[in-house]
Amino acid sequence: MARVRPPVLTHPQRVVDAASGLRKADVAAYYEAVAPWLLPQVAGRPLSLLRCPDGVGAACFFQRHYRPGFGPGVRALALPDARGEGGPLLAIEDARGLQALVQMNVLELHPWGAPADAPDRPDRLVFDLDPDPALPWAQVRDAAVEVRGALAARGLRSWVRLTGGKGVHVVAPFAPGPDWTALRAFCRALAQALQDAAPRRYASGAARTARGGRIYLDWQRNARGASSVAGWSLRARPRLPVAMPLHWDELAECPGPAAYDLPRARQRAQALARDPWEGFAQCRQALPAA
């Protein structure tokens with residue numbers, strides 16, 4: 001079988017981020033370098049994509065639905081969105097698809113918590129720890145460890161990733177079986193338990209007025225059609241920070257949620273001896289009842 005070439009990159013010298021001078025070609029080279037680490041997080045899952053045709057700081061927009069202009073490597077899913085609207089969703093399977101997204105000026109990749117071939121059988125949960133900007137980073141790190149402990153007390157091993165923004169994600173895979181309703185009930189109950197135990201530290205309600213001085217435990221990403229940023233994805237922010245997966249023992253030494261920008265993340269990918277989320281994809285633990 002003839003080898004399929006990746007799409008030709010148009011305008012490779014276009015500056016994507018004025019703060020760093022990074023170009024579209026740098027984005028393509030980055031995603032090529034991190035593909036072995038990134039693809040297990042996104043391949044075969046419906047994706048929401050943040051596209052920035054004119055770079056960071058200009059108008060960016062989310063796209064969930066397939067359009068023929070994406071070209072080879074990006075496939076349409078015979079699957080409507082959560083409201084049954086807007087036409088088919090989209091997915092990629094390999095590095096060719098990843099480069100096709102770069103060609104279409106995609107910076108961020110946000111996968112569903114379920115695979116495309118079983119969209120009503122989630123297999124991972126995520127807690128997004130979103131702190132009040134006034135809180136010190138050390139409190140966010142401590143909160144991530146506390147969420148890890150709460151999950152472990154319920155029989156769930158979890159993994160951690162910096163968001164490249166303000167906080168961290170604590171993510172736990174589980175064996176398919178529970179539906180979205182069961183997953184949301186579990187996540188809601190856990191967030192409420194953490195808030196009840198430490199009401200001055202955590203907020204689990206959606207009202208922003210109740211979050212002052214606290215860390216918002218966003219459990220509501222655990223729903224059909226919801227998504228969260230993938231590990232190794234760039235963020236469309238000045239200097240192109242990265243949503244970086246960590247070993248838990250790395251978190252204590254990490255200086256902040258945007259500790260990795262594109263160059264540093266690429267260096268990390270090339271130096272890694274093993275995946276910081278080793279074992280994640282193979283973990284088939286059972287989600288307990290709420």
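These notes cover a helix pair, the cysteines and a strand pair in a predicted model.

1. Helix packing. Helix α1, residues 24-42, packs against helix α6, residues 262-271. The angle between the two is about 35°, and their axes lie 9 Å apart. The crossing of α1 past α6 is left-handed.

2. Residues in the helix contact. From α1 the contact takes Asp26, Val27, Ala29, Tyr30, Ala33, Val34 and Trp37. From α6 it takes Leu262, Ala265, Arg266 and Ala269. Sorted by type, the residues of this contact are nine nonpolar and two charged, with no polar ones. Asp26 of α1 and Arg266 of α6 are the charged residues.

3. The disulfide. The count for the model is one disulfide. Cys52 and Cys60 form it, with their sulfur atoms 2.2 Å apart; the cut-off for such a pair is 2.5 Å. A disulfide is a covalent bond between the sulfur atoms of two cysteines. The torsion about the S-S bond of Cys52 and Cys60 is about 120°, and the disulfide is therefore right-handed.

4. Cys60, at 30%, counts as partly exposed. The limit for buried is under 20% relative accessible area, and partly exposed runs from there up to the exposed class at over 50%.

5. Strands β5 and β6. Strand β5, residues 74-77, pairs with β6 in the antiparallel sense, over four bridges. In this pairing, Leu77 has Leu89 of β6 as its bridge partner.

6. Side chains of β6. Which way do the residues of strand β6, residues 89-92, point? Leu89 and Ala91 point one way, while Leu90 and Ile92 point the other way. All of these residues are buried. Leu89, the bridge partner of Leu77, is thus among the buried residues of the strand.

Terms used
Residues are numbered from 1 along each chain as its sequence is written. This is a predicted model: local features need pLDDT of at least 70, side-chain atom pairs count only at pLDDT 80 or more; totals for chains, interfaces and linings use all residues. Side-chain values use heavy atoms; hydrogens and water are left out. Axes are lines fitted to C-alpha atoms, for helices over the stretch in contact, and angles run from 0 to 180 degrees between N-to-C directions. A crossing is left-handed if the near helix is turned anticlockwise from the far one by less than a right angle, and right-handed if clockwise. Contact means heavy atoms within 4.5 Å. Buried means under 20% relative accessible area, exposed over 50%, partly exposed in between (1.4 Å probe, protein chains only). Two strands pair if DSSP finds at least two bridges between them.
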